[in-house]
Amino acid sequence: MAPLGIIAGLGDLPVTIAGNAVATGQGAYVLRLKGFEEPALAAYPGEVVGLGEVGRALNLLKSAGCDDVVFAGIVRRPNFSDLKLDMKGASLLPKVIAEARKGDDALLRVLVSEFEKSGFRVLGSHEVHQSLLAPEGLIAGRQPTDTDLLDIDHAARVAAASGAMDIGQGAVVCNGLVLAVEAQEGTDRMLERVASLPEEIRGTEEARRGVLVKRPKPNQEMRIDLPTTGVSTIEKVAAAGLAGLAVEAGGALMLNRKGMEEAAARLGVFIYGFSPELGL
């Protein structure tokens, strides 16, 4: 069986995918992106490649016998003028810069297209590890109240609107008031910002209220950059005084789901999967 090619940034997602590929007998070949090398991935066959070394990445994956490729992990947008480019990277640069002005999704589509043109099948994280996808309904903790469900609905609409502008994938709403919209700072920083807000407009550990909603951007390339949650997400939701986390069923990844469920029970918050049609 051909090994799964993983183009990896930081975080637990590429580590989880690589471990699953090995456990299922497929094996993994990991290209760690320079400047974003996750230490745990050094244990797997592979190389470190620069963000501008597109041609080298394609050749390495071909030499390793990979047919399927997945992009996973956190990579911050580079300063294009500082990139060290190989010939393939240099030929793509004008198109990359043009698409980057349209947003991260447009930029990622260029890379997906280039890998497909080279004969690889680009898969989403959810396709190579289906158990990561969030289910619909109550996942952990108590059942959301009517107020919670109204907040989920409102936050889902806000996240869809901001996502349509390629801003982010999340929003926090408390009693109908929008407390935060995720942008380039990411979910953790957004939740830390919420935790610093006055207690009059947010929940507390003693009286939890408000929700974090995570969902894909409308028309998002689902094979790359699905919303990802983990134990740290639950911990920061709790630290912000929120009542729970709501994710789009079938449109968000849950890393270490058992650990997330245990953290939710320990910290007194819920995890809920809402219908993809909500708020659209």
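Contact, as used in these legends, means heavy atoms within 4.5 Å. The structure is a predicted model, in which local features need pLDDT of at least 70 and side-chain atom pairs count only at pLDDT 80 or more, whereas totals for chains, interfaces and linings use all residues. Residues are numbered from 1 along each chain as its sequence is written, and side-chain values use heavy atoms, with hydrogens and water left out.

View 1. Helices (H or I, at least four residues) and strands (E, at least two) are DSSP runs, numbered from the N terminus. Leaving aside neighbours within four places in sequence, Glu185 is in contact with Met190 and Arg193. Glu185 is partly exposed, at 30% relative accessibility; in these legends, buried means under 20% relative accessible area, exposed over 50%, and partly exposed in between (1.4 Å probe, protein chains only). Pro3 lies 182 residues from Glu185 along the chain, and the C-alpha atoms of the two are separated by 34 Å.

**View 2. Packing of H7 against H8.** The axes of these two helices come within 8 Å and cross at roughly 15°. H7 is therefore roughly parallel to H8. Axes are lines fitted to C-alpha atoms, for helices over the stretch in contact, and angles run from 0 to 180 degrees between N-to-C directions. Angles under 35 degrees count as roughly parallel, over 145 as roughly antiparallel, 65 to 115 as roughly perpendicular and the rest as oblique. H7 passes H8 in a left-handed crossing; a crossing is left-handed if the near helix is turned anticlockwise from the far one by less than a right angle, and right-handed if clockwise. From H7, the residues Thr187, Asp188, Leu191, Glu192 and Ala195 meet Ser232, Thr233, Lys236, Val237 and Ala239 of H8. This contact of H7 with H8 comprises four nonpolar, three polar and three charged residues. In this classification, Ala, Val, Leu, Ile, Met, Phe, Trp, Tyr, Cys and Pro count as nonpolar, Asp, Glu, Lys and Arg as charged, and the others, Gly among them, as polar.

**View 3. Packing of helix H8 (residues 231–239) against helix H9 (residues 257–267).** The two axes come within 8 Å and cross at roughly 15°. H8 is therefore roughly parallel to H9. The crossing of H8 and H9 is right-handed. On the H8 side, the contact involves Val231, Ile234, Glu235 and Ala238, which meet Gly259, Met260, Ala263, Ala264, Arg266 and Leu267 in H9. By class, the residues of this contact are seven nonpolar, one polar and two charged.

**View 4. Gly203, in the loop between helix H7 (187–195) and strand S9 (211–214).** Gly203 is buried, with 0% relative accessibility. Beyond residues up to four places away in sequence, Gly203 touches Cys174, Arg208, Arg209, Ala240 and Gly241. Cys174 is itself buried, with a relative accessible area of 2%. Ala155 stands 48 residues from Gly203 in sequence, at 16 Å from C-alpha to C-alpha.

**View 5. Leu13 in helix H1 (residues 12–23).** A relative accessible area of 9% places Leu13 among buried residues. When residues up to four places away in sequence are not counted, Leu13 touches Ala72, Gly73, Ser125, Leu132, Thr228, Leu253 and Leu255. Leu13 and Asn256 are 243 residues apart in sequence, yet 9.7 Å apart in space, C-alpha to C-alpha. Asn256 belongs to the loop between strand S12 (253–254) and H9, and its phi is near 55°, a positive value in a residue other than glycine.

**View 6. Asp166, in the loop between helix H6 (146–164) and strand S7 (170–174).** Asp166 has a phi near 60°, a positive value in a residue other than glycine. The residue counts as buried, at 17% relative accessibility.

**View 7. Helix H2 (residues 54–63) and the residue Gly65.** Buried positions in H2 are Val54, Gly55, Ala57, Leu58, Leu60 and Leu61. H2 is followed by Gly65, whose phi is positive, near 85°.

**View 8. The cysteines Cys66 and Cys174.** Cys66 is buried, with a relative accessible area of 5%. A disulfide is a pair of cysteine sulfur atoms within 2.5 Å. By this rule, the count of disulfides is zero.
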